[in-house]
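Morning, everyone. One structure today, and I'll keep it quick. Have a look at it first.

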Amino acid sequence: MRKIVIVLGVIVGVYLAARAVVEPFVIDFGDASSYRNDWGGPSLFGVLAVHCGPGIIAACLIGRNLRRRLHGASAKASTSM
């Protein structure tokens, strides 16, 4: 059950990170009507915070967990030799 939750969390995290990368290219910074009705609108800062913020957080958490896993595995391998 724990592995299923981890896999689903990674899938959602990757989606949010991809959305954070794509969002600045989808909206037109010069035209407020392109993002006025989006979540976080009508301000550009609010739209970017709502659409990119969760993706940045998810990417940081995924990166931290991968780093822990990789460094933990290398530490265990070096101590067992």
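One term before the numbers: a contact here means heavy atoms within 4.5 Å. This is a predicted model, so keep that in mind throughout. Take contacts in the chain between residues at least 6 apart in sequence: 40% of them join residues at least 24 apart.

Now the overall layout. The secondary structure comes to two helices and zero strands. Helix α1 covers residues 2-26. Helix α2 runs 44-80. The chain has 81 residues, and 14% of them count as buried.

Next, the largest pocket. Its volume is about 470 Å³. How many residues line the largest pocket? The lining has 13. Nearest the pocket centre lie I6, V10, N65, L66 and R69. Both α1 and α2 supply at least two lining residues each. Which helix gives the most to that lining? That is α2, with seven residues. By residue class, the lining divides into seven nonpolar, three polar and three charged.

Last item: E23. This residue sits in helix α1. E23 is buried, yet has no salt bridge. Where is the nearest side chain of opposite charge? It belongs to R19, 4.7 Å away. What does E23 touch, leaving out residues up to four places away in sequence? The list is D38, V47, H51 and C52.

That's the tour. Over to you for questions.

Conventions: Residues numbered from 1 in each chain as written. Predicted model: local features only at pLDDT ≥ 70, side-chain atom pairs only at ≥ 80, totals over all residues. Heavy atoms only, no water. Helix = DSSP H or I, 4+ residues; strand = E, 2+ residues; numbered from the N terminus. Buried < 20%, exposed > 50% of the residue type's maximum accessible area, 1.4 Å probe, protein only. Lys, Arg positive; Asp, Glu negative; His and termini not counted. Salt bridge = Lys/Arg side-chain N within 4 Å of Asp/Glu carboxyl O. 1 Å grid on protein atoms, 1.4 Å probe; cavity = no way out; pocket = protein on both sides within 12 Å on 5 of 7 lines; lining within 4 Å. Points joined across faces, edges and corners; volume = space filled by probe spheres on them. Nonpolar A, V, L, I, M, F, W, Y, C, P; charged D, E, K, R; others polar.
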